[in-house]
Amino acid sequence: MAGEPMNICVLGGTGFVGSALVNRLARDGHWIRVPTRNPVRGEHLRVLPTVELVTANVHDPGTLGRLVTGMDAVINLVGILNEHGRCTFRLVHAALAQKLLAALKAARVRRLLQMSALGADVGGPSRYLRSKGEAEAHIRAAAAHLDFTFFRPSVIFGPGDSLTNRFADVLRLSGGVLPLARARARFAPVYVNDVAEAFARALSDRKTHGQSYELCGPQVMTLEQLVRTTAQAAGRRCLILGLPDPIGRLQAALLGVLPGKPLTLDNFRSLTLDSVCTDPGCERLGLTPRTMAQILPSYLAPPPAPPGGFTSFGVT
Ligand SMILES: NC(=O)c1ccc[n+]([C@@H]2O[C@H](COP(=O)([O-])OP(=O)(O)OC[C@H]3O[C@@H](n4cnc5c(N)ncnc54)[C@H](OP(=O)(O)O)[C@@H]3O)[C@@H](O)[C@H]2O)c1
């Protein structure tokens, strides 16, 4: 185990990345507090003996103050890809970061690991990226009383992701045909357990204080190649129709009003920026990130055919 066991509050610990990270930190013997709006979301974490699941509204400053009091470190993973009603990017990313900074200062907690995103920038092309950039700016401005570390991943894949699983589902439902916006946008997909490992390594490493780590997998690929890699692992047919930008924008506008918002105009604007690393953050943390080809079959591969030449209706 790396270092002494710590008391850690993981905001956003019930989600896709959070679940991998909380499991990883629990393996190191840390005691972990995970607030959630809905405890059902964190039910799978209850089996971990050092995890405390707390129903809480992290946007309430008093509640946030109580959650972080007595912690050695706080990890903020709270994030949304789409706005819903009053849950705007500003509120969930930038305003929450400000409230968290005030709570950390009052509770004299210095260590903060902040999940950001590649391309986060106050001048970025989408509200998502701008709000992530604003959160970073607030945190940098508080550096005098804070030992912060930023993590800026490309898209993240792994069991339970909403990337490869969603594409595999769409290809199944559409018979393999997929009209795709921004098909040439480039990514370096990174495995969720490698992201969790990056956080775990940085936690008690003083060299990471004040640093930013871009997290990418070893392969740069276009969105089209990402979908094809997913289709291959899932055993799906795949015919991709790359959409010119004006049609892609229209597709995003239409899909953005459907339940579940499969693609929004803000997502489209994020896709106008390549999501690839300029700095090998994983390697700086001593990590060798894994490829999609190594991992996808473990959760997307179709079940093997039954033995004995069985076909439909039992006719061989
Ligand atoms: N997945 C990716 O490909 C990717 C890539 C780059 C960066 N990121 C960033 O990584 C972080 C985690 O992403 P993820 O994929 O794990 O997301 P996720 O599965 O959707 O989980 C989001 C987490 O944030 C919490 N949350 C969401 N909306 C909230 C709100 N309005 N108020 C309070 N808490 C809220 C949820 O807690 P509840 O239990 O309360 O629901 C949940 O634990 C996010 O900051 C995201 O921007 C993800």
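Is L296 buried or exposed?

1. L296 is buried, as 22 other C-beta atoms lie within 10 Å. (A residue is buried if 20 or more other C-beta atoms lie within 10 Å of its own, exposed if 12 or fewer, and partly exposed in between; C-beta atoms are placed from the backbone.) The model is predicted: local features need pLDDT of at least 70, side-chain atom pairs count only at pLDDT 80 or more, and totals for chains, interfaces and linings use all residues. Residues are numbered from 1 along each chain as its sequence is written.

2. L296 sits in the loop between α11 (292–295) and α12 (297–300). Helices (H or I, at least four residues) and strands (E, at least two) are DSSP runs, numbered from the N terminus. Apart from neighbours within four places in sequence, L296 is in contact with T164, T229, T230 and A233; contact requires C-beta atoms, placed from the backbone, within 7 Å.

3. T164 also belongs to helix α5 (residues 164–173), where T164, F167, A168 and L171 are buried. These residues lie on the same side of α5, because they cover an arc of only 100° around the axis. The arc is that of the directions from the helix axis to the C-beta atoms. The cover over the buried residues of α5 includes β7 (156–157), β8 (177–180), α7 (223–234) and α12.

4. After α5 comes G175, with a positive phi near 70°.

5. The shell around the ligand contains 14 nonpolar, 9 polar and 2 charged residues. Helix α1 (residues 16–27) contributes the most to this shell, with 3 residues.

How values were computed: Ala, Val, Leu, Ile, Met, Phe, Trp, Tyr, Cys and Pro count as nonpolar, Asp, Glu, Lys and Arg as charged, and the others, Gly among them, as polar. Two residues are in contact if their C-beta atoms, placed from the backbone, lie within 7 Å.
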